[in-house]
Amino acid sequence: MKQSETVRGSVPVPDPVDVRIGARLAELRAERGWSLGELAERSGVSRSTLSRAERAEISPTASVLNRLCAVYGRTMSRLLGEVEAEPAPLVRAGEQPLWEDRAAGFVRRSVSPPHAGLRGELVEGRLTAGADIAYDRPPVPGLEQHIWVLEGTLEVTAQDTVHRLATGDCLRLRVWGPTRFRCAGPADARYVLAVVLP
């Protein structure tokens with residue numbers, strides 16, 4: 001979780017991206033008419049965490065966002081894209097949305113964010129040495145993923161099979177169940193994730 005970037009007096013000022021994510025999460029829950037309790041039951045995320053995320057008191061972890069995306073039937077990139085400005089056909093390097101889960105050692109750059117009429121997107125992921133992120137379910141069942149390692153080594157577990165990827169290796173799969181991304185080190189891992197909706 002990120003801490004607030006700025007403090008005015010004794011009141012922390014939330015990160016603007018966290019504010020937009022929180023507002024969008026609250027909108028999605030309201031659209032379905034769910035209480036925080038109902039969403040907690042469906043997602044497996046505590047009511048207090050959901051409430052604090054919606055109010056931008058905390059920055060949700062990658063794992064929490066993945067659970068919420070699964071409940072709402074969207075990819076993480078789509079959710080993050082919904083809180084950004086209208087996407088343009090050309091996405092300059094400096095304009096690519098960046099999101100960080102500092103506690104997990106994960107940085108995610110949306111190189112080619114979701115766009116109306118397109119089924120694919122590109123994400124650059126960076127995991128620090130020792131980082132280990134587990135997702136209990138795909139955001140969309142049958143999601144197609146292509147994982148291309150640019151630097152370092154990466155372990156990806158899917159359907160109870162561990163795939164050890166070295167620099168240059170590419171893993172192609174459809175995701176139906178839990179997955180795990182692990183950077184055993186000694187160096188950080190950087191990879192491209194191509195996501196295609198079924």
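How many bridges join β3 to strand β4? In this predicted model, four bridges link the two strands, which run antiparallel, with β4 spanning residues 106-112. Within this pairing, Trp 99 stands opposite Arg 108 of β4.

Both strands belong to an open sheet of six strands, arranged in the order β3-β4-β5-β12-β7-β10 and paired in antiparallel fashion. The edges of the sheet are formed by β3 (98-101) and β10 (170-175); each has a single partner strand, so one side of each is left without a neighbour in the sheet. From one strand to the next, the twist averages 20°. In general, strands of a sheet pair through backbone hydrogen bonds, in either a parallel or an antiparallel manner.

Leaving aside residues up to four places away in sequence, Leu 50 touches Leu 36, Leu 39, Ala 40, Ser 43, Val 45 and Leu 68. Leu 50 and Ala 26 are separated by 24 residues in sequence, and their C-alpha atoms lie 9.1 Å apart in space.

The second largest pocket holds about 170 Å³ of space. Its lining consists of 12 residues, and those nearest the centre of the pocket are Arg 78, Pro 114, Leu 118, Glu 121 and Leu 197. By residue class, the lining of this pocket comprises four nonpolar, four polar and four charged residues.

How values were computed: Residues are numbered from 1 along each chain as its sequence is written. This is a predicted model: local features need pLDDT of at least 70, side-chain atom pairs count only at pLDDT 80 or more; totals for chains, interfaces and linings use all residues. Side-chain values use heavy atoms; hydrogens and water are left out. On a 1 Å grid over the protein atoms alone, a cavity is a set of points where a 1.4 Å probe fits but cannot get out, and a pocket is an open set with protein on both sides within 12 Å along at least five of seven lines; lining residues have an atom within 4 Å of a point. Grid points are joined across faces, edges and corners, and a volume is the space filled by probe spheres set on the points. Ala, Val, Leu, Ile, Met, Phe, Trp, Tyr, Cys and Pro count as nonpolar, Asp, Glu, Lys and Arg as charged, and the others, Gly among them, as polar. Contact means heavy atoms within 4.5 Å. Two strands pair if DSSP finds at least two bridges between them. Axes are lines fitted to C-alpha atoms, for helices over the stretch in contact, and angles run from 0 to 180 degrees between N-to-C directions.
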